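Subject: Structure handover

Hello,

Here is the structure you were expecting. Please open it first, then read my notes below.

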Amino acid sequence: MKKLFSLLLFPALLCLIIGCSSQSGLVSRVSEYRSVLYTAKADGASLQASFSEREYPYAADGSAAEKSDVFEVRATLPDNTLTYRVSFETGGKPYEGEMNYDSVKQQFTFSVSLSAPQEEELAFTVSAEGEGAPSYTFAAKRTEGKLSLSDLLSTVSESRKDELADFAGENFDGEIYVRLLMQGESRYYYVGFIDRSGNCLSFLADADTGEVLATKKP
């Protein structure tokens, strides 16, 4: 009886070990993971702040490097000709700095290295320099997906295993970008698989279920 039980149990354990190993392998390939967003609008302006674990130096070259924590604030403001500063507080510590202008996205940006904020809401003040210059106050609410990183990668890779096999063969040996996105009230994950030549096979997945909603091939 014990021998029969062992024979029945062994395949289950083997599948569990292989499954965990596969998930762990994909997670180790992630070079960018944007997992938290804070968003708000005020007086014709909008703001989005994000927490990411991102490789440094940052390069889509198919090779995952050591990651560091990055908190980035992006604001779309009515007047792009002014100089702005942003201030906020998280974890009981204040942060402040001048924002840089991104001419491609037409947004003002500020980034700082800090651990993932735990607050459900963060208050940001964006003020232009000069007397009588505009100032904006944002009460930004937290957004994140329900799936863990390993569960997300497992769900996407399993449902799209044929496309991944055509793209990278049996064993993926590149890097992965995972970015939380928002469109209105809907939440998504961008999951991009990048090979050593810089080619990218990407998927748009539901942030709560991991269901793939769209695919973009290289």
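**Overall picture**

The protein has 3 helices and 13 strands. Please note that this is a predicted model. Of its 218 residues, 37% count as buried. Among contacts with a separation of 6 or more, 58% are between residues 24 or more positions apart.

**Salt bridges**

The structure holds 10 salt bridges. Here are three of them.

R29 pairs with D173, with the closest N and O atoms 2.7 Å apart. R29 sits in the loop between α1 (2-27) and β1 (30-42), and D173 in the loop between α3 and β10, so the bridge ties together parts 144 residues apart in sequence. R29 is partly exposed, at 23% relative accessible area. D173 is partly exposed too, at 40%. R29 and D173 also belong to a salt-bridge network with R196.

E32 pairs with R179, and their closest N and O atoms are 3.0 Å apart. E32 lies in strand β1 and R179 in strand β10, so this pair ties together parts 147 residues apart in sequence. E32 is buried, with a relative accessible area of 3%. R179 is partly exposed, at 21%.

R142 forms a salt bridge with E144, with the closest N and O atoms 3.0 Å apart. R142 counts as buried at 16% relative accessibility. E144 is partly exposed at 35%.

**R54**

Which buried residue has no salt bridge, with E32 as the nearest side chain of opposite charge? That is R54, and the distance to E32 is 4.0 Å. R54 lies in strand β2. Leaving out residues up to four places away in sequence, R54 touches S31, E32, E66, K67, S68, V70 and E72. R54 also lies over the face of Y58, 5.2 Å from the ring centre.

**Aromatic rings**

The count comes to 11 aromatic pairs. One of them is Y101 with F108, which is tilted: 4.9 Å centre to centre, with 50 degrees between the planes. Y101 is partly exposed at 35% relative accessible area, whereas F108 is buried at 3%.

Another pair is F172 with F193, which is edge-to-face. The centres are 5.3 Å apart and the planes make 80 degrees. This pair links distant parts of the chain, 21 residues apart: F172 is in the loop between α3 (161-168) and β10 (175-183), and F193 is in strand β11 (residues 186-194). F172 counts as buried at 17% relative accessibility. F193 counts as buried at 1%.

There is also an aromatic cluster, formed by Y38, F71, F88, Y95, F110 and F124.

**A60**

A60 is in the loop between β2 (45-55) and β3 (67-76). A60 counts as partly exposed, at 46% relative accessibility. What does A60 touch, not counting residues up to four places away in sequence? The list is E175, Y177, I194 and G198. In sequence, A60 and F193 are 133 residues apart, yet their C-alpha atoms are 9.9 Å apart in space.

**Helix α2**

In helix α2 (residues 149-159), the buried residues include L149, L152, L153, V156 and S157. They cover an arc of only 115 degrees around the axis, which puts them on the same side of α2.

Best regards

Definitions and conventions
Residues numbered from 1 in each chain as written. Predicted model: local features only at pLDDT ≥ 70, side-chain atom pairs only at ≥ 80, totals over all residues. Heavy atoms only, no water. Helix = DSSP H or I, 4+ residues; strand = E, 2+ residues; numbered from the N terminus. Buried < 20%, exposed > 50% of the residue type's maximum accessible area, 1.4 Å probe, protein only. Contact = heavy atoms within 4.5 Å. Phe/Tyr/Trp six-rings, centres within 6.5 Å; stacked < 30°, edge-to-face > 60°. Lys NZ or Arg CZ within 6 Å of the ring centre and 35° of its normal. Arc of directions from axis to C-beta. Lys, Arg positive; Asp, Glu negative; His and termini not counted.
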